[in-house]
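The structure is shown first.

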Amino acid sequence: MYYPFSWFKSIVRLCLFLIVFALVGWYLDDMLLAVALGATGLLLLNYWHLYKLNRWLWHSRKMSPPSVNGLWEHIYEGIYYLQRRNRNKRKELGALVKRFREGSEALPDAAVVVDAKACIIWCNRLARLELGLRWPSDAGRRLDNLIRHPEFIQYFHAGKYHYPIEVPSPLNPQKTFEDRIMPYGEEHLLLIARDVTRVSQLEEMRKDFVANVSHELRTPLTVINGYLEILAGSGDELDPLTQKAFLEMSSQTQRMQSLIEDLLVLSRIEASSERIYENTVDMPAMLRQIKLEADALNKDKGHTIAFHLDEGVKIYGIETELRSACSNLIFNAINYTPPGGHIDVYWSVTKDGVKFAVKDDGDGIEQRHLSRLTERFYRVDKARSRKTGGSGLGLSIVKHVLNHHNSQLQITSVVGEGSVFFFNFDAEMIASQDPVL
């Protein structure tokens with residue numbers, strides 16, 4: 001317990017102690033010797049207390065301090081108080097760590113904590129079961145020496161943890177794990193590995209189903225459409241109602257064929273393993289070819305279409321995919337802009353890279369629809385889409401193409417004023433650029 005005036009009392013006692021020796025020395029007519037003897041005795045007493053303190057701190061098993069008086073009593077009490085406080089803090093921290101570990105063990109995912117040198121600090125039970133880690137024998141070992149998959153090692157050392165990767169399980173190649181790394185604290189990393197085997201299988205089944213069904217439907221639809229064209233062509237032999245029915249059936253089969261073609265394109269893009277940095281695309285030349293197709297499509301609409309192209313800019317990418325994305329955006333602007341409108345297509349160099357944009361002065365799109373436009377088969381106006389023959393997959397194709405090329409579609413629109421569909425490629429995507437004269 002702390003006494004407010006302990007130091008004052010101790011100084012008073014010290015002074016009285018020395019005064020007593022000084023009086024004795026004065027009486028014996030040798031004050032200096034008496035004071036020296038008193039100081040020596042006081043020094044020996046303090047050294048004795050220091051010895052006892054050292055014994056108590058380093059050798060005694062007792063928590064409580066030995067019984068002493070005076071100033072040393074306050075020193076012992078202060079140390080004892082600090083020990084108790086530190087012991088309580090250690091208990092609280094121990095309980096907190098225990099709760100953290102219990103919570104981590106309850107996670108449905110494997111979790112591993114590593115330090116700045118990639119050495120394992122801790123892992124939970126699922127990490128030991130699913131990733132083959134051993135605890136505590138693997139503590140301090142490098143994580144990239146224990147999980148040796150090339151894609152994981154490349155991902156781990158790249159330092160770009162904005163997205164997860166999917167790699168096979170180190171113990172069972174039939175399992176697929178989604179690995180995500182999150183930096184936290186002072187240069188620590190948390191690896192979360194989630195079993196996505198079932199999800200991956202379902203996604204592959206969906207892709208295979210769409211691709212196979214679309215492929216199988218294409219041939220019978222071609223045959224049906226051929227016969228419908230023949231029957232509709234013999235107009236003199238058919239009554240008007242039958243002829244109209246044949247024409248409508250022919251129109252709908254062509255629409256189904258267009259839908260199937262888009263599904264096949266989307267399946268090819270999703271299944272593509274082609275590396276974008278192995279090919280270069282001359283975007284201005286490709287857009288000039290698309291312009292010829294756009295002019296042919298625009299004959300009935302009568303739009304004013306202007307292409308603004310920065311020449312000489314080639315980018316890394318897959319030409320068939322980029323052509324599909326750009327043409328979808330341009331043809332959508334033609335189909336959904338009222339006759340006589342203005343459409344501007346831009347391919348321009350920016351301070352951060354290059355930008356492609358399609359701007360129209362059509363009816364515009366309400367804000368509540370913008371976030372869903374790239375969903376498959378989503379339509380703002382279903383009746384209008386049926387009239388234009390749209391499949392509802394065009395913007396979904398654009399989305400997947402841009403994902404493959406490390407970009408994303410952005411849309412701004414004002415009802416009654418028009419819309420702008422655009423995407424950007426950063427400077428790393430530029431393969432070559434002619435100097436500006």
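**Salt bridges**

The predicted model holds eight salt bridges. Side chains of opposite charge can pair when their charged atoms come close.

| Pair | Distance (N to O) |
|---|---|
| Arg194 and Asp109 | 3.0 Å |
| Glu130 and Lys175 | 3.3 Å |
| Arg288 and Glu311 | 2.9 Å |

The bridge between Arg194 and Asp109 links distant parts of the chain, 85 residues apart: Arg194 belongs to strand E5 (residues 188–195), while Asp109 sits in the loop between H3 and strand E1 (110–114). Arg194 is partly exposed at 42% relative accessibility, whereas Asp109 is buried at 8%.

Glu130 and Lys175 also form a salt bridge. Glu130 lies in helix H4 (residues 125–130) and Lys175 in the loop between strand E3 (165–168) and strand E4 (176–184), 45 residues apart. Lys175 is partly exposed, with a relative accessible area of 26%.

In the bridge of Arg288 with Glu311, Arg288 comes from helix H9 (residues 283–297) and Glu311 from the loop between strand E7 (304–309) and strand E8 (313–316), so the pair ties together parts 23 residues apart in sequence. Arg288 is partly exposed at 39%, and Glu311 is partly exposed at 47%.

**Surface patch**

Arg84, Arg87, Arg90 and Lys91 form a positive surface patch. Arg87 is part of helix H3 (residues 71–105) and is partly exposed, with a relative accessible area of 33%.

**Helix H6**

In helix H6 (residues 150–158), the buried residues are Phe152, Ile153, Tyr155 and Phe156. These residues lie on the same side of H6, because they cover an arc of only 165 degrees around the axis. Exposed Pro150 and Gln154 are carried on the face turned away from that buried side.

Key:
Residues are numbered from 1 along each chain as its sequence is written. This is a predicted model: local features need pLDDT of at least 70, side-chain atom pairs count only at pLDDT 80 or more; totals for chains, interfaces and linings use all residues. Side-chain values use heavy atoms; hydrogens and water are left out. Patches are made of residues with over 30% relative accessible area and no salt bridge: like charges are joined within 9 Å, nonpolar side chains (Val, Leu, Ile, Met, Phe, Trp, Tyr) within 5 Å. Accessible areas come from the Shrake-Rupley method with a 1.4 Å probe; for residues, only the protein chains shown count as cover. A salt bridge is a side-chain nitrogen of Lys or Arg within 4 Å of a carboxyl oxygen of Asp or Glu. Lys and Arg count as positive and Asp and Glu as negative; His and the chain ends are not counted. The place of a charge is taken as NZ of Lys, CZ of Arg, CG of Asp or CD of Glu. Helices (H or I, at least four residues) and strands (E, at least two) are DSSP runs, numbered from the N terminus. Buried means under 20% relative accessible area, exposed over 50%, partly exposed in between (1.4 Å probe, protein chains only). The arc is that of the directions from the helix axis to the C-beta atoms.
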